[in-house]
Amino acid sequence: MTENTSFDVDPLVENVSPEPAVVVIAGDYLNKLTGEKIERECKDKLDAGAREIVVDFSQTEIINSIGISILLGVIDNAQMAGAKVVFSDLKPESAELFDMLGLTKHVTLQ
Amino acid sequence: MIEQSPKLIHAFGALAELGQEVANKNNFQETIRTSLHLLSGALGIMRGGVARYSRYAREMNMLAIRGLGDEFPLSLSVCVEDERQFLTNGLNAIDAHAARVLPFFQVYAASFERRHIELFIPLIIRDEIVGGLFLGEKATGEPYSSYEKEIICAMGRHIGVAISQRNLLAEIERHSEENRRLFEDLRRTYADTVKAFATAIDCKDKYTEGHSVRVGKYTELIARELEWSPEQIEGAATAGYLHDVGKLTVERKIINAPYRINAKESAELNKHPSVGYEILQAIHHPFTDVPLAAKYHHERLDGRGYPDGLYDREIPYIAKVVNLADSFDAMTTDRPYKARRAAIDVVDDLRRNAGKQFAPELVIAFLRGVLRELKSETKDRRFRRLLGREYMEAEGLAPAITGALNELAPTSSLTYIAARSGSE
Ligand SMILES: [Fe+2]
Ligand SMILES: [Fe+2]
């Protein structure tokens, strides 16, 4: 299959003052390649001063273990930077899984 | 247990994916990184690392880390006591807090605490430590349950196998490299011995000093011209260097006789091919034809040679090559009773004797090689070095060779076929 290109950080970055927030759209399938890109770019935004990261799951159908690991990385980086993580439009099945694995403890659901 | 089943299904999915990843034998580093992702994602583990164990250095060297920060050591020392305990423990999760009695957990206590390392799993495959897993806290903040530890160990076993496979591969590569080097050394030793032998043979024959060495070189030039493989070329050169080894047993005064020797002396001298064969037969050569070349290097296509008076097809090909090289050197060097012949005369001799003494395709290959050097088509100056510049620059030599070649080989395909059949 072709590389997943539905994820792109830059055009979707919104800087909302006074609290700079970054919106990240997780693609339809969060795999290692796209996932590690998300993680890296979130880190860059955090380093650049972002105080909130919103991960938009409206297009996301499948999240496997690698996807979970990536999201844990995003959460960890955000926490270390003292930033907040928001998951938006999470499908119920995903929410259940996130709950079970403890991710929802560290994020705000929207 | 019922409410845990989706969690189990999720974890087993990760385990299956990990098995796939390891079986796929992708890039090793990538496999390990993916493995760590799968393990973290399977159970919601916030941070961790995979290390490979170096038995020689007694070190756990990190291959992949997630969320451990810059301060976490990338190489952790393991002492004999730790090693022993890990082996006794087997591939099972060790609680980092409870294991404080071990030096390993004392030494790195600060690092482990800072990054909340809760579990360490020594990766033991076939009673050998191959690596280790370092796992931080779960996202839920709850302690690891026993079934989670089991899943971790199952995944750890896959990762351990991947590391172990990698180690084996590296070992095989190292051995084959060692073998190659060893073989190379042997080959060089053999080549040096051959040359030393050739020099020893030549020492006995003061009038034809350097004969064996030159015949070795001419033989090599012909083999090259025939486009033989590097190994065949080396074999041919060896045959040339050693062709007269039988002369070592011939009385010095016969070899060095400054006159045409008589029948009795001649009979003595003519034993040298068979004696050479006996000497060389006793040695194990990397090239099979060396003894045969010595035995038959005085045979002629027309059956008038010695020792067996073989005809064309009965003569081993390598012996024909050495015969040409040998005769060429005899014609182009001064002998006790005879001065060297002019280059043009030598060409003429070769042409006239092609089909009688010499295999025509070999004469063609040989002359073609000389001509190419004369016309500077090659950077090689081998013939010039062996024959002297003046000799090679004799007037009319190039046209004489061209003429001989045209007479011997009206089409070039002939030489090609000859070269091919010779290399079999
Ligand atoms: Fe000889
Ligand atoms: Fe000879």
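Q: What makes a set of residues a nonpolar core in this predicted model?
A: A nonpolar core is a set of buried Ala, Val, Leu, Ile, Met, Phe, Trp, Tyr and Cys residues joined through side-chain atoms within 4.5 Å. The largest such set here has 46 residues. Within it, the residues with the most contacts are B:Trp228, B:Leu350, B:Phe366, B:Leu367 and B:Ile401.

Q: Which helix supplies the largest share of this core?
A: That would be H15(B), with nine residues. Other helices of chain B that each supply at least two residues include H7 (211-225), H13 (317-332) and H18 (397-408).

Q: What does B:Leu367 touch, leaving out residues up to four places away in sequence?
A: Its partners are B:Val347, B:Leu350, B:Ile401, B:Ala404, B:Leu405 and B:Leu408.

Q: Which residues does the second, separate core include?
A: B:Ala14, B:Leu119, B:Cys153 and B:Met155 are among its 36 residues.

Q: Why is the site of the iron ion (ligand 1) called irregular?
A: Let's start with the donors: B:Asp244 (OD), B:His272 (NE2), B:His297 (NE2) and B:His298 (NE2), at 2.1 to 2.3 Å. The angles among these four donor atoms run from 80 to 166°. Four tetrahedral donors need all angles between 85 and 135 degrees, so a range of 80 to 166° rules that label out. The site is classed as irregular.

Q: What does B:Asp244 bridge?
A: B:Asp244 bridges the iron ion (ligand 1) and the iron ion (ligand 2), which are 3.2 Å apart. B:Asp244 sits in the loop between helix H8 (230-242) and helix H9 (252-255) of chain B, while B:His272 belongs to helix H11 (residues 272-281), so the pair ties together parts 28 residues apart in sequence.

Q: How do you know whether B:Asp244 and B:His272 are buried or exposed?
A: Buried means under 20% relative accessible area. B:Asp244 has 2%, and B:His272 also has 2%, so both count as buried.

Q: What makes H2(B) largely enclosed by the rest of the structure?
A: Of its 16 residues, 13 are buried, so H2(B) is largely enclosed.

Q: What is found at the start of H2(B), and what follows this helix?
A: At the start, a side-chain oxygen of B:Asn27 reaches to within 2.9 Å of the backbone nitrogen of B:Gln29. After the helix comes B:Gly44, with a positive phi near 65°.

Technical notes:
Residues are numbered from 1 along each chain as its sequence is written. Chains are lettered from A and ligands numbered from 1 in the order in which they are written. This is a predicted model: local features need pLDDT of at least 70, side-chain atom pairs count only at pLDDT 80 or more; totals for chains, interfaces and linings use all residues. Side-chain values use heavy atoms; hydrogens and water are left out. Donors are N, O and S atoms within 2.8 Å of the metal (3.2 Å for Na, K and Ca); water is not among the atoms, so sites may look incomplete. Four donors count as tetrahedral if all angles lie between 85 and 135 degrees; four count as square planar and six as octahedral if opposite donors are over 155 degrees apart and all others between 65 and 115; anything else is irregular. Helices (H or I, at least four residues) and strands (E, at least two) are DSSP runs, numbered from the N terminus. Buried means under 20% relative accessible area, exposed over 50%, partly exposed in between (1.4 Å probe, protein chains only). A polar contact is a pair of N or O atoms within 3.5 Å; within protein, one must be able to donate a hydrogen and the other to accept it, and residues adjacent in sequence count only if both atoms are side-chain atoms. Contact means heavy atoms within 4.5 Å.
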